[in-house]
Amino acid sequence: MNGEILSIGEQGYVMLVVDRRAAKYGSGSDRDAYRTEQARQNVKVWLDALAEVLIKRVADLEDNAGIDDIEATTAPIAQNESRPGARIGADLPATFARKVRSARIAPIADLIADGQISSPEVLAVVLPQITANVHASGLTNRAERAVFSSLYRSFQRRRSLLLLDLQSQVRLEELPWGQALVERRESSLKDAVVAREVLNEIAGLSLTYFPHVQLPNSLIDEMEHLAQTAQIDAPFTREIAADIFTGRFTKTFERAAKIAISRYARTLYGRYYELPEELPRVDLGAYCEKRTGRRHSNWSVASNGLIIEQQLILTTHNLAILLATLDLAHLDFGDLSCRSFQWICQRQQVQYRDWRAQLQMLKNTAYAWRQMIVFLSELDASQQSEAWGEIEAVFSGQSEGFRSRLGPAMIGLRNALEHRPRDADGGQIFLGWTLDRHPFAPPTTPADR
């Protein structure tokens, strides 16, 4: 490394990598002996031959449609498929079968539970295959429904862009051919009910399996389209990038903030984040600046991030909208809050060697913390006490260094639960953005993580 001497921590990291490789692959001599023995063997099954059989099995399937019969696609080699290296009865390798299963057709709930849909972003990619038919259901002509469904799926696959001055990308109904189809749709109570049911299911699945993840813009787009078809007036808001923030929010954000404040002003969430009883009759951007004590800046991304985060707090970034307008009372909010906290603990104790990755982690864990408090606020006093006990039990099982670092945030939340001032006994608020070193940032060395 250009004559530089590795630090003790770096030496330990290098040795850890070497030891792990040796544990997995053995020493160089062990590996040579293994390869020599492989060369002597009479291998009767070749991966490339099995791959050719699998490719032939899926060749006639429709592109982008998924695999309906997984068992038939991953079955042992049949007599009419046998060839050198792919003898009759040979099983496909587990890696082949795993890739095939990742393309299976199944209910979204099953795909999420199996881990094939691993995030809300992936969920948003899959959704248009379902929602396209929902949005096209108002068209009476079969050919028009097929065209609209195909157009909708293609439109949703385009790259999402964040634009300046509160501008948005071109919408499907703004295209001449899209507008013509949209105008031919006939609204019906049945279509609205179906769209509402799909929206309920998608929102419930996202919160159940990814309670710690702030809803991404791509998924919000799908939810907004479903809400429109369901005839639900819901002011969904998108996340704004701090580096292009202009200091202003649209009226949609103000509507969302009013709904969130009316729902949470007198709850745990309102006490912790010190929400007003009602949204002041001033510009929302100016009010967020007042809450941070900072002004919008064309050069300070961190200052802009502080202001945007206050907007996220005031609006709950769509959680209040979903919980106020949809039938989500069946969700186990105590479990959601505890799992959100478990994720926070896990992410906070990962070693990040890149400062950018650490800043991203701090922002994401702060957002997960905010969602955790929303879930806690949906519980009554006794349920909150029970959920808080579970959260404290998780916290007590963490490393001493981590407990010392996150302790002030836990005190601040406990104070809010007990209707005490948030900053009593050293309590602090957990935010994702700061102009200085983050108070809950992990140390630069792995000690006491």
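Here is a short tour of the aromatic contacts, cysteines and backbone angles in this structure. The model is a predicted one, so please read every value below as computed from it. Aromatic rings take up much of the briefing: there are 11 aromatic pairs in the count, and one cluster brings together Phe-341, Trp-369, Phe-395, Phe-402, Phe-430 and Phe-440.

**Aromatic pairs around Phe-430**

- Among the 11 aromatic pairs is a tilted one between Trp-369 and Phe-430, with 55° between the planes and 5.4 Å from centre to centre.
- This pair links distant parts of the chain, since Trp-369 belongs to helix H19 (residues 355-377) while Phe-430 is in the segment after helix H21 (400-417), 61 residues apart.
- Trp-369 counts as buried because its relative accessibility is 0%, and Phe-430 counts as buried because its value is 1%.
- Phe-430 also pairs with Phe-440: the ring centres are 5.1 Å apart and the planes meet at 75°, so this pair is edge-to-face.
- Phe-430 and Phe-440 both lie in the segment after H21, so their pair ties together parts that are 10 residues apart in sequence.
- Like Phe-430, Phe-440 is buried.

**Arginines over rings**

- Arg-370 lies over the face of Tyr-367, and the distance to the ring centre is 4.9 Å.
- Over the ring of Tyr-272 sits the charged end of Arg-422, 5.9 Å from the centre of that ring.

**Cysteines**

- How many disulfides does a search of the whole structure find? The search finds zero.
- Cys-345 is buried, at a relative accessible area of 1%.
- Cys-288 also counts as buried, because its relative accessibility is 0%.

- Where does Thr-316 lie? Its place is the loop between helix H16 (301-315) and helix H17 (319-325).
- Thr-316 has a phi near 60°, a positive value in a residue other than glycine.
- At 1% relative accessibility, Thr-316 is buried, because the cut-off for that class is under 20%.
- Asn-318 is in the loop between H16 and H17 too, and its phi is near 80°, again positive in a residue other than glycine.
- Is Asn-318 buried or exposed? Asn-318 counts as buried, with a relative accessibility of 1%.

Key
Residues numbered from 1 in each chain as written. Predicted model: local features only at pLDDT ≥ 70, side-chain atom pairs only at ≥ 80, totals over all residues. Heavy atoms only, no water. Disulfide = S-S within 2.5 Å. Buried < 20%, exposed > 50% of the residue type's maximum accessible area, 1.4 Å probe, protein only. Phe/Tyr/Trp six-rings, centres within 6.5 Å; stacked < 30°, edge-to-face > 60°. Helix = DSSP H or I, 4+ residues; strand = E, 2+ residues; numbered from the N terminus. Lys NZ or Arg CZ within 6 Å of the ring centre and 35° of its normal.
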